[in-house]
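Notes follow in the order in which I checked them.

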Amino acid sequence: MYEPSNAPYPGPNPTYGQPTYYPPETPILYDGDVKNPYDGGRFKPKKRINDPIFLIFFVLQLLGFAAVSGIALNTWISQGGLGGGLGKSGGQTGTSVTLNRSTVYLLLLVTAAAILLSVAYLMLTRMFTKIIMHITLILTIALNIGICVYYWITKYWSGAIIFTVIAVFSLLSYFGFRSRIPLASLLLQVVMDVSKHHTSVYAVAFAALFIQATLAVQVSSVIEIIATYAKWTPGNPSCDTSSCSSGKVTGLIFFEAFSFLWTSQVIGNVSLATLAGGPYGSWYYFGPRELGEMPKHPTMSALGRASTLSLGSIAFGSLIVTLLDLLKLILNAAQNNANADGHPIEACFACCAACFVGILENLVEYFNRYAYIEIALYGKPYIAAAKDTWRLFKDRGIDALVNDSLVGMTLMWGAYAIGLMCSLFGYLYLRFTAPSYNSSGQYTAPVILFSFFIGLVCSTTISSAIEAGVSTIFVGLGEDPQVLAIRAPALFSMIADTYPDVTRGVPRG
């Protein structure tokens with residue numbers, strides 16, 4: 001039997017607010033017995049590999065990507081990276097046909113800037129939580145209105161109609177969202193303060209960030225794509241010994257984009273499962289480490305489960321989001337082509353389809369986050385975890401999760417801002433160095449896009465560590481709500497007052 005300690009709870013931070021609910025002095029009893037953190041196989045899943053087909057598929061595409069990378073990078077390195085260097089003097093050297101080594105230096109600097117800006121934004125968010133949430137809510141509405149006005153001015157009728165509806169809806173929902181900021185703010189502060197007592201949270205976040213940055217800069221979105229252009233773009237020196245064509249470059253870039261998106265999704269979701277099944281889940285069900293009930297090395301145990309037994313399940317859910325993302329990109333391309341050819345009806349259909357796919361992708365990604373937490377805590381296959389997550393949603397109500405969306409909105413706006421600042425840095429660097437390959441400005445847009453994407457990925461990877469804690473608390477709240485009354489009484493009190501149904505646990509069948 002699990003025996004709770006009677007030692008006083010040190011907090012993560014006693015100054016969240018003035019709680020109206022006080023935790024019971026005696027242990028929480030269910031059916032006359034103390035609630036066991038290992039109930040239902042929690043933290044002790046069966047030793048079996050889940051969803052092995054998707055695990056095999058993921059490994060095969062990773063090997064295929066490695067093969068393409070090896071061929072492209074070998075040629076690129078043998079040609080000295082097509083020349084180029086750091087700074088203005090280095091930018092004047094190198095090939096003028098395509099991207100060269102000076103772009104790599106540029107995007108490495110962008111990555112370093114993104115990491116520093118991401119850490120600074122999290123620190124500011126903890127210090128001025130409510131203010132930043134208000135600002136991001138207003139910015140979201142202003143962005144919707146701005147896009148709407150722009151589409152009407154440019155006579156892009158299909159987009160204008162869609163964003164008019166979105167802008168009106170966002171204006172009407174402003175006051176409802178604003179009233180939820182205090183609870184979302186307190187929730188975010190609790191998670192940030194819990195993370196301060198578990199350094200493994202930031203260790204996992206920075207490890208995932210380093211892997212993502214390495215994949216984005218050194219392999220996928222930078223060197224690998226540059227090397228692919230260098231290897232197969234017509235007119236390059238390597239074309240003397242191999243066939244080159246624009247179609248081959250397009251196909252390889254598409255495969256590299258698919259592999260990068262899927263692999264990035266898996267890395268981020270393994271990080272999420274590690275944090276949910278490690279520090280956050282252990283804090284919720286066992287209490288702070290000071291109480292002495294938490295298992296040894298919970299983060300390493302969760303990482304081991306997520307990267308081996310549950311990797312196939314995580315790859316399964318990540319593949320769904322990746323395919324929707326690629327479909328949205330294809331529809332956006334079709335929309336642009338229809339506009340260029342002067343077919344407004346086709347463009348309207350493509351725009352509507354892309355919006356629908358985008359909404360579906362966001363819902364699946366949001367839903368998957370809770371499914372991965374079920375996978376992390378119980379070691380379930382993806383389908384079983386998805387069914388339990390849906391049951392959790394129906395029992396608790398989608399409205400209660402709006403606060404989580406507010407937290408996500410706050411962190412996502414920070415990611416967009418960091419992405420924009422990184423793209424501005426990339427643009428200014430190009431203007432200052434004036435590399436030979438960009439003499440007519442043909443590569444300015446791709447470099448700015450890569451810079452924005454790197455900043456966005458770096459920021460979202462770090463902030464995902466905080467979102468993992470928010471989502472884990474919601475899952476624990478849905479299953480065992482009284483536990484939160486001991487862990488964070490002020491937060492439990494506010495949730496109980498605002499959403500009484502949320503504090504009702506989900507019965508396990």
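**Cysteines.** I took a disulfide to be a pair of cysteine sulfur atoms within 2.5 Å. With that cut-off I found 0 disulfides in the structure. I looked at Cys351, which is in no disulfide; its nearest cysteine sulfur is that of Cys355, 4.3 Å away. I then looked at Cys458, whose sulfur is 7.2 Å from the closest cysteine sulfur, in Cys422, and therefore too far for a bond. For burial I used relative accessible area: buried is under 20%, exposed is over 50%, and partly exposed is in between, with a 1.4 Å probe and protein chains only. Cys351 is buried at 5%, and Cys458 is buried at 2%.

**Basis.** I noted that this is a predicted model, in which local features need pLDDT of at least 70, side-chain atom pairs count only at pLDDT 80 or more, and totals for chains, interfaces and linings use all residues. Residues are numbered from 1 along each chain as its sequence is written, and side-chain values use heavy atoms, with hydrogens and water left out.

**Whole chain.** I counted helices (H or I, at least four residues) and strands (E, at least two) as DSSP runs, numbered from the N terminus. The protein chain has 17 helices and 2 strands. Of its 509 residues, 53% count as buried. I took contact as heavy atoms within 4.5 Å. Among contacts with a separation of 6 or more, 78% are between residues 24 or more positions apart. Accessible areas come from the Shrake-Rupley method with a 1.4 Å probe, and for residues only the protein chains shown count as cover. The accessible surface of the protein chain comes to about 23,000 Å², and carbon and sulfur atoms hold 69% of that.

**Aromatic rings.** I paired rings of Phe, Tyr and Trp (its six-membered ring) if their centres lie within 6.5 Å; planes under 30 degrees apart are stacked, over 60 edge-to-face, and the rest tilted. My search of the whole structure gave 14 aromatic pairs. In one of them, Phe57 and Trp262 have ring centres 5.2 Å apart and planes at 55°, so the pair is tilted. This pair links distant parts of the chain, with Phe57 in helix H1 (residues 52–78) and Trp262 in helix H9 (residues 246–286), 205 residues apart. Are the two residues buried or exposed? Phe57 is partly exposed at 38%, whereas Trp262 is buried at 0%. I also looked at Tyr284 and Tyr285, an edge-to-face pair with 5.1 Å centre to centre and 70° between the planes. Tyr284 is buried at 1%, and Tyr285 is buried at 6%.

**Nonpolar patch.** I built patches from residues with over 30% relative accessible area and no salt bridge, joining like charges within 9 Å and nonpolar side chains (Val, Leu, Ile, Met, Phe, Trp, Tyr) within 5 Å. A salt bridge here is a side-chain nitrogen of Lys or Arg within 4 Å of a carboxyl oxygen of Asp or Glu. Leu124, Met127, Phe128, Ile131, Ile135 and Leu139 make a nonpolar surface patch of about 570 Å². Helix H3 (101–127) and helix H4 (129–153) each supply at least two of its residues, and the largest share, 3 residues, is from H4. I checked Ile131, which sits in helix H4 and is exposed at 52%.

**Ala333.** I placed Ala333 in helix H11 (residues 311–340). Ala333 is partly exposed at 35%. Its C-alpha atom is 8.9 Å from that of Ala350, 17 residues apart along the chain.
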